[in-house]
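Subject: Structure handover

Hello,

Here is the structure I promised to pass on. Please open it first, then read my notes below.

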Amino acid sequence: QVQLVESGGGLVQPGGSLRLSCAASGFTFSSYAMSWYRQAPGKERELVAPITSTGGITNYTDSVKGRFTISRDNAKSTVYLQMNSLKPEDTAVYYCSALRTIAGGRIIYWGKGTLVTVSS
């Protein structure tokens, strides 16, 4: 059974930090690119940061560049999102996603999300 379980969300003051984790099971983690998405209230889900299967390439949406860092540990089947200098506009439910491109299509898995609230 495929599972992606996010953790590490919570309430933090502006300027603070959080580290999100996403533990994967039920599939070959090292064969999948991983991504963090977020969805703020009343807004569409947006891609925050992807990372390739080996961890060699990462990318970030402009609004988090220089503040967030995505990483992965294939031995632990876990992907992380280190979030520093948090702003109120970072408030959202954060989801992790696993993606593998195969002949004829793609395989995508989603976690259920973890809520991050940035407020004083």
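Predicted model: local features only at pLDDT ≥ 70, side-chain atom pairs only at ≥ 80, totals over all residues.

Start with the disulfide. Cys22 and Cys96 form it, and their sulfur atoms are 1.9 Å apart. By the cut-off used, the count comes to one disulfide. Distant parts of the chain are linked by this pair. Cys22 lies in strand β3, residues 18-25. Cys96 lies in strand β8, residues 92-102.

Take a look at the β6 end. Strand β6 is joined to β7, residues 78-83, by six bridges. These two strands run antiparallel. Ile70 stands opposite Leu81 in β7.

Now the aromatic rings. The count comes to four aromatic pairs. One of them is Phe27 with Tyr32. Their ring centres are 4.8 Å apart and their planes stand at 70°. Edge-to-face applies to planes over 60 degrees apart, so the Phe27 and Tyr32 pair is edge-to-face.

How buried are the two residues of this pair? Phe27 has a relative accessible area of 15%, and Tyr32 has 4% relative accessibility. Buried means under 20%. Phe27 therefore counts as buried, and so does Tyr32.

Ring pairs link Phe27, Tyr32 and Tyr109 into a cluster.

Which ring does the charged end of Arg19 sit over? The ring is that of Tyr80, and the charged end of Arg19 is 4.0 Å from its centre. Arg45 lies over the face of Trp110. Here the distance to the ring centre is 4.7 Å.

See the disulfide between Cys22 and Cys96. See the cluster of Phe27, Tyr32 and Tyr109. Then see Arg19 over the ring of Tyr80.

Best wishes

Technical notes:
Residues numbered from 1 in each chain as written. Heavy atoms only, no water. Pairing = 2+ DSSP bridges. Helix = DSSP H or I, 4+ residues; strand = E, 2+ residues; numbered from the N terminus. Phe/Tyr/Trp six-rings, centres within 6.5 Å; stacked < 30°, edge-to-face > 60°. Buried < 20%, exposed > 50% of the residue type's maximum accessible area, 1.4 Å probe, protein only. Lys NZ or Arg CZ within 6 Å of the ring centre and 35° of its normal. Disulfide = S-S within 2.5 Å.
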